[in-house]
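Here is a walk through one protein chain, element by element. Keep the sequence and the 3D view side by side as you read.

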Amino acid sequence: MERKTKYLCTMGERAKDISYIDRLGEYLQQNPTIFGWLMVALGAVFLYGSIRRWGWLFEGGDGMFNIAWVAETFGFRTAQILFVLLSLLFVGAGIAWVYFS
């Protein structure tokens, strides 16, 4: 039986991906406040998710120190408070980015 391997993308498609990332980088350089609004939106989602106790926010990864380690070591409430503070930091940094750029 002959086994055929299909590649996910060809070299030409990879070049399109790279140029898309370059275009995105140029767009963000031309409109720097967009990055700040993205940080505000990400912080708002994290804040809402940590208040609502979304499971995927507090799941562990392969890293040694992550939010699941904090939850197992110091308790879920401590991890939740740290995640709320982190999300507020994202919102504050995003607002500062929009204000100063």
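Helix 3 (residues 67–74) packs against helix 4 at an angle of about 140°, and their axes lie 6 Å apart. Axes here are lines fitted to C-alpha atoms, for helices over the stretch in contact, and angles run from 0 to 180 degrees between N-to-C directions. Helix 3 is therefore oblique to helix 4. The classes are these: under 35 degrees is roughly parallel, over 145 roughly antiparallel, 65 to 115 roughly perpendicular, and the rest oblique. From helix 3, Ile-67, Val-70, Ala-71 and Phe-74 meet Phe-76, Thr-78, Ala-79, Leu-82 and Phe-83 of helix 4. Contact means heavy atoms within 4.5 Å.

A word on the model itself. It is predicted, so local features need pLDDT of at least 70 and side-chain atom pairs count only at pLDDT 80 or more, while totals for chains, interfaces and linings use all residues. Residues are numbered from 1 along each chain as its sequence is written, and side-chain values use heavy atoms, with hydrogens and water left out.

Now step back to the whole chain. It has four helices and zero strands. From the N terminus the order is α-α-α-α. Helices (H or I, at least four residues) and strands (E, at least two) are DSSP runs, numbered from the N terminus. Of the 101 residues, 19% are buried. Buried means under 20% relative accessible area, exposed over 50%, and partly exposed in between (1.4 Å probe, protein chains only). Take the contacts between residues at least 6 apart in sequence: 57% of them join residues at least 24 apart.

Which residues does Gln-80 contact, leaving aside neighbours within four places in sequence? They are Ser-50, Ile-51, Arg-53 and Phe-58. Gln-80 sits in helix 4 (residues 76–100). Its relative accessible area is 7%, so Gln-80 is buried. Arg-53 has a phi near 60°, a positive value in a residue other than glycine. Most residues other than glycine have a negative phi.

Asn-66 is also in the loop between helix 2 and helix 3. Beyond residues up to four places away in sequence, Asn-66 touches Gly-60 and Gly-61.

Trp-97 is partly exposed because its relative accessible area is 39%. Apart from residues up to four places away in sequence, Trp-97 touches Pro-32, Thr-33, Phe-35 and Gly-36. The C-alpha atoms of Trp-97 and Val-40 are separated by 9.5 Å, although these residues are 57 apart along the chain.

Last, the surface. The chain exposes about 8300 Å², and carbon and sulfur atoms supply 65% of that area. Accessible areas come from the Shrake-Rupley method with a 1.4 Å probe; for residues, only the protein chains shown count as cover. Tyr-20, Ile-21, Leu-24 and Tyr-27 form a nonpolar surface patch of about 430 Å². Ile-21 lies in helix 1 (residues 11–30). With 56% relative accessibility, Ile-21 counts as exposed. Patches are made of residues with over 30% relative accessible area and no salt bridge; like charges are joined within 9 Å, and nonpolar side chains (Val, Leu, Ile, Met, Phe, Trp, Tyr) within 5 Å. A salt bridge is a side-chain nitrogen of Lys or Arg within 4 Å of a carboxyl oxygen of Asp or Glu.
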